[in-house]
Amino acid sequence: MRHDDLGGGLAGDALYEMVAAHTHGTWTAARAAVCAVTAQPLAGHPDDAGLYRGAPAVAYALHFAKPSSASRTLARLDAETIAITATRLDTAQRRIDSGHPPRMAEYDLISGLTGLGACLLRRERQTGLERVLRYLVRLLTEPLTVTGRHVPGWWTADGPRGLPEDGTFAAGHANFGIAHGIAGPIALLALAGRAGITVDGQDQALDEGIGFLTTWAQPADDNVLGWPEVLTLHEFEAGPAAGRSPGRPSWCYGTPGIGRALQLAALTRRNEPARRFAEHIVLGSLTDHGRLSQIEDTTLCHGWAGLLLTCDRIATDAQTPAIADELPALHTHLDARLVRHEIPENAGLLTGSAGVLLTLHTLDAPRPPDLGWETCLLVN
């Protein structure tokens, strides 16, 4: 277990303790978590560090520390995060100029520049964030050619596991998920726009993202709309087709996470048809018991906690009240598993107990202060 890992390590636990401390007013556990996560050196090499690992991960967690208690450490971590981002951007811009497709970890939320941009957005580091936004504009608006075929600029050279593959994914793939695919850059561009931070071409990039996601929402055999998790080059060339069943309705790869990205983009661009479309698809995923049965654990990444939190944030902005009507049932599913002690025993936000506890804390009634910690998930 890594101390500087937000998704599966002590940095995720520290994030929970600090967010909870703002409500409870007791900072003892939060201070202990800060000591645990900063006691050892943090990953700071651009190849190893991102929002969910290393200096940026700890900077994100410490953002929610008691005011002034971590200001000196945060100033150092901010400088490291900005330097890491600048190096990653320089490499990415050279790659775009070369015409080669990106690796998944170049731009995704977990390891790439979208995640670093989310950290800079939450830390209000506008100059560094604007550079990330300009890169994402190029990613979404400058197409590539792969084996003689035209593909989007975010078409990754990797297979879905984030590594080059032979066979089915030898030509790479298109990834839709908010954790590793195009929904992440779309959501970040939208969230930045909602915060009043824009760059040239941002509106065009969002419009292209909206167009792509609305085009590729497909009916399964049971006519329920959803998005594929990934596409091979052959599938992309064939175009949208009915009968391709969407995956489980999770935050990371599923319809709710992708739907939230589309909803955010539509809200930012004041595109009411796209907003209604996103909400219609999300609602369909929440009332499809066959799809819901694919959720097998309580985690934030691909379990009930992530589904509940994502849909709660969608409902907050929705003009479709039926989404909010489904939230109690989702909460009941999560609670039933917690009664059976199905909470993860490991650390971390995405796959550990911290994410489940943080979701429950955030959705308690009355609601705690809105600290915006969900920016690391790009749902708020």
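User: How does the lining of the second largest pocket divide by residue class?

Analyst: General idea first: rolling a probe the size of a water molecule over the atoms shows where empty space is left. In this predicted model, the lining of the second largest pocket splits into five nonpolar, four polar and six charged residues. The volume of this pocket is about 180 Å³.

User: Which residues lie nearest the centre of the second largest pocket, and which helix gives the most to its lining?

Analyst: Out of 15 lining residues, Arg313, Thr362, Asp370, Glu374 and Asn380 are the ones nearest the centre. Helix α14, residues 304–317, gives the most, with three residues.

User: OK, now the largest pocket. What is its volume, and which residues are closest to its centre?

Analyst: There's about 490 Å³ of space in the largest pocket. It has 21 lining residues, and Pro46, Asp47, Arg88, Ala105 and Ser111 sit closest to the centre. By class, you get nine charged, six polar and six nonpolar residues in that lining.

User: Which helices supply at least two residues of that lining?

Analyst: Look at α4 (71–98) and α5 (104–107), each of which supplies at least two. The top contributor is α4, with five residues.

User: How do I read the packing of α3 against α4?

Analyst: Start with the axes: those of α3 (residues 55–62) and α4 come within 9 Å and cross at roughly 135°. Angles over 145 degrees would count as roughly antiparallel, so α3 is oblique to α4. The crossing of α3 past α4 is left-handed. On the α3 side, the contact is made by Ala55, Pro56, Val58, Ala59 and Leu62. From α4 come Thr73, Leu74, Leu77, Asp78, Glu80, Thr81 and Ile84. Sorted by class, the contact of α3 with α4 has eight nonpolar, two polar and two charged residues.

User: What lines the second largest cavity?

Analyst: Arg95, Ile96, Arg138, Leu139, Glu142, Leu144 and Gly153 do, around about 30 Å³ of space. Here α4 turns up again: α4 and α7 (126–141) each supply at least two residues of this lining. The classes come out as three nonpolar, one polar and three charged.

Methods: Residues are numbered from 1 along each chain as its sequence is written. This is a predicted model: local features need pLDDT of at least 70, side-chain atom pairs count only at pLDDT 80 or more; totals for chains, interfaces and linings use all residues. Side-chain values use heavy atoms; hydrogens and water are left out. On a 1 Å grid over the protein atoms alone, a cavity is a set of points where a 1.4 Å probe fits but cannot get out, and a pocket is an open set with protein on both sides within 12 Å along at least five of seven lines; lining residues have an atom within 4 Å of a point. Grid points are joined across faces, edges and corners, and a volume is the space filled by probe spheres set on the points. Helices (H or I, at least four residues) and strands (E, at least two) are DSSP runs, numbered from the N terminus. Ala, Val, Leu, Ile, Met, Phe, Trp, Tyr, Cys and Pro count as nonpolar, Asp, Glu, Lys and Arg as charged, and the others, Gly among them, as polar. Axes are lines fitted to C-alpha atoms, for helices over the stretch in contact, and angles run from 0 to 180 degrees between N-to-C directions. Angles under 35 degrees count as roughly parallel, over 145 as roughly antiparallel, 65 to 115 as roughly perpendicular and the rest as oblique. A crossing is left-handed if the near helix is turned anticlockwise from the far one by less than a right angle, and right-handed if clockwise. Contact means heavy atoms within 4.5 Å.
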